[in-house]
Amino acid sequence: MSEVGELQQAALKRKARLQEMKAKRLCQTEDPSENQQTKDSKTDEKLPKPLFRSYQPIDEALLENQLPKAKPGKVEDNIKEQLAAANLKTSVEDVDLFNLAPRKPDWDLKRDISKRLAKLERRTQRAIALLIRDRLKGNSQDLVTAMNATDSLAKGDEEDADND
């Protein structure tokens, strides 16, 4: 039963707060002139002043917020400078053709790999030389027949090319 008593006390406190809020609201609505003046002063402080660029206000109080009309710049000076720059002749000797020529898309890859390719080329030449030496040592007869066979194939290709 003690819970019921606590609930009733909480309800009474809530009622008291609501009555206080209603009383404050009534006090505010009773003096509308005072409240209106305080609201107007607060809004005047917060609102920014308008700037009129293309609008010409009728009221003289707003004329001081109007921006002065912008004057266009002189174009003749800029045109004269551009024409003078265009008339200058550049000699062919002054132009570097290497800088003008477009580079291939993979030029940087080739530049970075050139050292590695040089090393691989040396190893390939050594390997080919070793293979040739081994064949020469093993069968000198086989080498002669292989050379004759490649010569005959080359001659046959030349004859086919001549017939076309």
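**Helices, patches and charges**

Mentor: Let's start with I79, which lies in helix α3. Helices (H or I, at least four residues) and strands (E, at least two) are DSSP runs, numbered from the N terminus. Keep in mind that this is a predicted model, where local features need pLDDT of at least 70, side-chain atom pairs count only at pLDDT 80 or more, and totals for chains, interfaces and linings use all residues. Residues are numbered from 1 along each chain as its sequence is written, and side-chain values use heavy atoms, with hydrogens and water left out.

Trainee: Which residues form the nonpolar patch?
Mentor: V75, I79 and L83, with about 270 Å² of accessible area together. Patches are made of residues with over 30% relative accessible area and no salt bridge; like charges are joined within 9 Å, nonpolar side chains (Val, Leu, Ile, Met, Phe, Trp, Tyr) within 5 Å. Accessible areas come from the Shrake-Rupley method with a 1.4 Å probe, and for residues only the protein chains shown count as cover.

Trainee: Zooming out, how many helices and strands does the protein chain have?
Mentor: Six helices and zero strands. Buried residues make up 2% of the chain's 164 residues.

Trainee: Switching to charges, which residues make the positive patch?
Mentor: R116, K119, R122, R123 and R126 gather there on the surface. Lys and Arg count as positive and Asp and Glu as negative, while His and the chain ends are not counted. R126 lies in helix α5 (residues 107–138), and R126 is exposed, with a relative accessible area of 56%.

Trainee: How many salt bridges are there?
Mentor: Two, where a salt bridge is a side-chain nitrogen of Lys or Arg within 4 Å of a carboxyl oxygen of Asp or Glu. D112 and R111 meet at 3.2 Å, N to O, and D106 pairs with K110 at 4.0 Å.

Notes: Buried means under 20% relative accessible area, exposed over 50%, partly exposed in between (1.4 Å probe, protein chains only). The place of a charge is taken as NZ of Lys, CZ of Arg, CG of Asp or CD of Glu.
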